[in-house]
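Hi everyone, thanks for coming. I'd like to walk you through a structure that may be new to you, so please have a look at it while I talk.

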Amino acid sequence: MENVTSLIEFTLSGFSEILDYKLTFFCLTLLFYCVIIMVNVVVIVIITMDRNLHEPMYIFLCSLCVNGLFGTAGFYPKFLLDLLSHHQVISYTGCIIQIFVIYSSLCIDICLLLVMAYDRYVAICRPLEYHSVMTRQRVAQLVSFSWLAPLGLISAGLISSFRLRLCGSHIQKLYCATWLVVKLSCAPTSRMTSAIPTNVVAYVTILFYIFLGIFIVCTYVQLIRSCLVSLENRGKFIRTCIPHLMALFNVVIAALFDVMFMRYGSSDLPQSLQNFLSTEMIIVPPIANPVMYGITLTKIRNKILPSCLKR
């Protein structure tokens with residue numbers, strides 16, 4: 001049994017069923033990645049260039065799109081290279097970076113959707129206080145929290161996980177994931193799951209996101225109560241909260257698919273289904289978020305449609 005520091009690379013074993021069609025997958029993936037980049041960049045540029053859109057809701061949306069580009073950069077370039085390669089491997093350092101980027105992006109998405117829910121609560125339930133509460137300083141603090149908290153939690157998880165001694169190098173996935181690396185540990189499963197540093201970080205992370213979930217639920221309870229007594233608030237809710245709920249649903253379902261399948265999924269499932277369950281969080285939210293908000297938010301839609309009509 002060799003120490004983890006002597007491990008040079010991991011083998012990604014999730015490509016078994018797609019290598020026979022790798023050229024087709026390469027073209028489709030490249031096209032899809034270009035579309036993701038295009039739609040996110042369009043929303044970012046529109047919000048950045050138009051001073052009328054320098055409002056909290058649009059700043060949070062801009063940050064959400066930046067995070068979409070950040071997260072997909074951790075998967076698509078490497079995946080495209082693997083499709084063209086004869087050997088699907090990733091270096092030890094590359095695996096750490098990939099985990100950090102992909103899972104930080106997922107957690108940042110959840111935090112940004114949390115602050116967007118808070119923004120909608122203040123706008124609809126406390127409209128007279130909105131500008132005094134959502135100041136530039138408060139918005140900067142919320143955006144900073146949405147990025148720094150997940151980056152810190154994921155970093156702590158990686159430090160504790162990658163200190164384990166590993167006795168394997170095959171990762172049954174298209175990309176690296178912390179739990180799959182932990183499962184390669186030389187220690188028996190019973191001892192591996194009781195590793196104090198790894199468990200402490202895991203429990204802190206779980207409690208953190210449970211708290212965020214409770215906060216979002218409480219926020220929407222207040223929003224729904226406000227909508228029941230005011231027709232104007234109901235209109236605001238439909239225009240701005242429905243896309244937020246759809247985005248939140250996409251991210252949470254994608255995260256649950258990935259986490260539950262890694263921990264409790266069966267290896268007897270077809271590899272194609274395993275690949276879909278593990279990549280749904282990288283495929284759907286990065287393109288769904290800018291498209292949904294671009295269609296439903298009037299100010300952004302009015303900026304996009306004239307440009308499209310001119311062309």
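Predicted model: local features only at pLDDT ≥ 70, side-chain atom pairs only at ≥ 80, totals over all residues.

The chain has 12 helices and three strands. It runs to 311 residues, and 49% of them count as buried. What about contacts between residues at least 6 apart in sequence? Of those, 79% join residues at least 24 apart.

Let's go inside. The largest nonpolar core holds 93 residues. Which element gives the most to this core? That is H4, with 20 residues. The residues with the most contacts inside the core are Phe10, Leu61, Cys95, Tyr103, Met134 and Ile171. As a general background point, nonpolar side chains in soluble globular proteins tend to be buried together.

Take Phe10 from that list. Setting aside residues up to four places away in sequence, Phe10 touches a run of residues that includes Gln88, Val89, Ile90, Ser91 and Tyr92. Cys95 is also among its contacts, and so are Leu166, Ile171, Val181 and Leu184.

That brings us to Cys95 and the cysteines. How many disulfides are there? The count comes to one. It joins Cys95 to Cys176, with the two sulfurs 2.2 Å apart. For anyone who wants a reminder, a disulfide is a covalent bond between the sulfur atoms of two cysteines. This pair links distant parts of the chain: Cys95 lies in helix H4, while Cys176 sits in the loop between strand E3 and helix H7, 81 residues apart. Is the disulfide left-handed or right-handed? The torsion about the S-S bond is about -125 degrees, so the disulfide is left-handed. Cys95 counts as buried because its relative accessibility is 0%. Cys176 is buried too, also at 0%.

What about Cys65? Cys65 is buried, with a relative accessible area of 1%. Cys218, on the other hand, is partly exposed, at 44% relative accessibility.

Now for a pair of helices. H4 covers residues 92-125 and H11 covers residues 271-296, and they pack at an angle of about 35 degrees with their axes 11 Å apart. The crossing of H4 past H11 is left-handed. From H4, the contact is made by Ile102, Tyr103, Leu106, Asp109, Leu113 and Met116. H11 brings Met281, Ile282, Pro285, Asn289 and Tyr293. By type, these residues divide into nine nonpolar, one polar and one charged.

You'll find Ala247 in helix H10, residues 231-264, and it is buried, with 0% relative accessibility. Leaving aside neighbours within four places in sequence, Ala247 is in contact with Leu113, Asn289, Met292 and Tyr293. Leu113, Asn289 and Tyr293 also belong to the contact of H4 with H11. Ala247 and Leu113 are 134 residues apart along the chain, yet their C-alpha atoms are separated by 7.9 Å.

Staying with H11, have a look at Glu280, which is found in that helix. Is Glu280 buried or exposed? Its relative accessibility is 8%, which is under the 20% cut-off, so Glu280 counts as buried. Again leaving aside neighbours within four places, Glu280 is in contact with Asn250, Ile253, Ala254, Phe257 and Pro285.

For a contrast, turn to Phe215 in helix H9, residues 196-229. Phe215 is partly exposed, with a relative accessible area of 31%. Beyond its neighbours within four places in sequence, Phe215 is in contact with Leu114 and Tyr118. Phe215 and Leu114 are 101 residues apart in sequence, with 7.8 Å between their C-alpha atoms.

One last stop: helix H3, residues 76-84. Which of its residues are buried? They are Tyr76, Lys78, Phe79, Leu80, Asp82 and Leu83. What do they pack against? The partners are strands E1 and E2 together with helices H1, H2, H4 and H11.

Definitions and conventions
Residues numbered from 1 in each chain as written. Heavy atoms only, no water. Axes fitted to C-alpha atoms, helices over the stretch in contact; angles between N-to-C directions. Helix = DSSP H or I, 4+ residues; strand = E, 2+ residues; numbered from the N terminus. Left-handed = near helix turned anticlockwise from the far one by under 90°. Contact = heavy atoms within 4.5 Å. Nonpolar A, V, L, I, M, F, W, Y, C, P; charged D, E, K, R; others polar. Disulfide = S-S within 2.5 Å. Buried < 20%, exposed > 50% of the residue type's maximum accessible area, 1.4 Å probe, protein only. Core = buried A, V, L, I, M, F, W, Y, C linked by side-chain atoms within 4.5 Å.
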